[in-house]
Amino acid sequence: MEKSKKSTKRLAAAKELNKVVGEYYLECAAAKEQGKPVGWMPPMNGAIELFYAMDLQPVFPENWSPVCAAFGLTPKNFEVSEGMGYSRDLCGYLRNIVGYVNGPMTDPAIPLGGLPAPDLLISPGGGCVPVMKIFHALERRFPEAKVFKADLPQVALEEIAPHHIDYAIQEMQRLITFLEEATGRKLDQDRLQEVAALSDQACALWDEIMSYRRSIPAPFSAAEIGIMFVMVTRQGTRQAIDFLIKARDEIKERAESGTGVIENEKLRLFWDNIPLWYNMGLFNYFEKANAVVVAETYSAAWSIRLDPADPLKALALKSLMSYPLVSCVSIEKRKEMVLKACRDYAIDGVVFHRNKSCVPISLGQMDIRKALEDELGIPSVIFDADHMDARNFSTAQFQVRIDAFLEMLAERKGQTFKT
């Protein structure tokens, strides 16, 4: 197995994704040329819907990092940021985007046209520390951009109280005032309701798509989870709905006809933590043992439903809940979510990615591992890697651990393991 490898695509929707991704980045570049205000922001908050409602162009530097990894651009970006003094121990997203904006950003050979320079920076007050630090670095790199500093509280899902929601609504109102003054564009409340309704519809479609993965055999695996690109970049748009409906219909047909990822699915796996964006082909490695990764932690963040009748409250709630659904979440809640997924998706074994690039999202894995054994009798394996930096991933170590794990799972089910 190569250290960097693309995943095998079986879904027509996954194959169409390249076109969807290309169109989005072309739209970003065109917006700049047409004079439409461009704003950079973290992906997990309600500002996305506000931007689309006001006909502004949202750009997501965090999401650009997986694209860089897929195109093999990260080594150059890391070289630039580490040359500036950023430690190799820091978040890979941070090192990649800092290196990109201070290095090859203006190179005309960058795939997909690269990112247009921001007119606005929506600096988060919540989420993880590296994301906040990314925006501090961007403020220094783009001093001409107008900056909105959000001040959202960092609250565990189970502890969000009415006063947190009230405060988040005030923050959304403050953001609207900032955008109106910075761009001269007035927010249309009817348009905001339309966008919130589209965003809610996308979440409903996403949940339906995920539900079909409970089918045995599973109609698609984590190898094709890149289809969530529209949930990151296009929430609140018709483009997201059109893409998700096609994906839903295809996946539903595969589930109802019993068409699995592989012909003879025998083991069903859960993946914890962020994928290795430079090696999505890793998800196909399990298939030699007739094993399929049918569920993962990362896809849970896109299931927040929005009430279009009260869009401000809905977007405020989304801003409060998005990060705690993936990272910055209490260990008890994360354990509850993983165990529920293992029950819902009939999981045989769990693969824990201990992520050097994101320590917070790796916390609690030993507690979850013990709970899986004690409460569900589900075994697991841990391997060390990094979601962005291939230098922190050992192919040989991964293969040794996973082969032994798959052999043990196969024996538990009375199956023959083939290497």
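M231 is buried, at 0% relative accessible area (buried, under 20%; exposed, over 50%; partly exposed, in between; 1.4 Å probe, protein chains only). This residue belongs to helix α9 (helices are DSSP runs of H or I with at least four residues, strands are runs of E with at least two, and both are numbered from the N terminus). The C-alpha atoms of M231 and W206 are 8.2 Å apart, although 25 residues separate the two along the chain.

The model is predicted, with local features requiring pLDDT of at least 70 and side-chain atom pairs pLDDT 80 or more, while totals for chains, interfaces and linings use all residues. Numbering starts from 1 along each chain as its sequence is written, and side-chain values rest on heavy atoms, without hydrogens or water.

Rolling a probe the size of a water molecule over the atoms shows where empty space is left. A 1 Å grid over the protein atoms alone was used: a cavity is a set of points where a 1.4 Å probe fits but cannot get out, a pocket is an open set with protein on both sides within 12 Å along at least five of seven lines, and lining residues have an atom within 4 Å of a point. Points are joined across faces, edges and corners, and a volume is the space filled by probe spheres set on them.

The largest pocket has a volume of about 1,000 Å³. Its lining comprises 44 residues, and P66, V67, A70, W277 and M280 are the closest to the centre. Helices α1 (12-34), α3 (61-70), α4 (74-83) and α9 (229-233) each give two or more residues to this lining. By class, the lining has 26 nonpolar, 9 polar and 9 charged residues (nonpolar: Ala, Val, Leu, Ile, Met, Phe, Trp, Tyr, Cys and Pro; charged: Asp, Glu, Lys and Arg; polar: the others, Gly among them).

The second largest pocket has a volume of about 620 Å³. It is lined by 25 residues, with A300, S303, M337, K340 and Y345 closest to its centre. At least two lining residues come from each of α8 (189-211), β6 (291-296) and α13 (331-344). Helix α13 gives the most, with 8 residues. This lining divides into 11 nonpolar, 4 polar and 10 charged residues.

Cavities of 30 Å³ or more number 3. The largest cavity holds about 250 Å³. Of its 23 lining residues, N45, P124, A150, L152 and S319 lie nearest the centre. Both α7 (162-183) and α12 (311-321) supply at least two lining residues. The most come from α7, with 3. The cavity lining has 15 nonpolar, 7 polar and 1 charged residues.

I331 lies in α13 and is partly exposed, at 33% relative accessibility.

Backbone geometry was also examined. The peptide bond from I216 to P217 is cis, with omega near 5°. P217 sits in the loop between α8 and α9. D55, not a glycine, has a positive phi of about 55°. It occupies the loop between α2 (47-53) and β2 (57-59) and is partly exposed at 42%. A346, also not a glycine, has a positive phi of about 50°. A346 falls in the loop between α13 and β7 (349-355). Its relative accessible area is 36%, so A346 counts as partly exposed.
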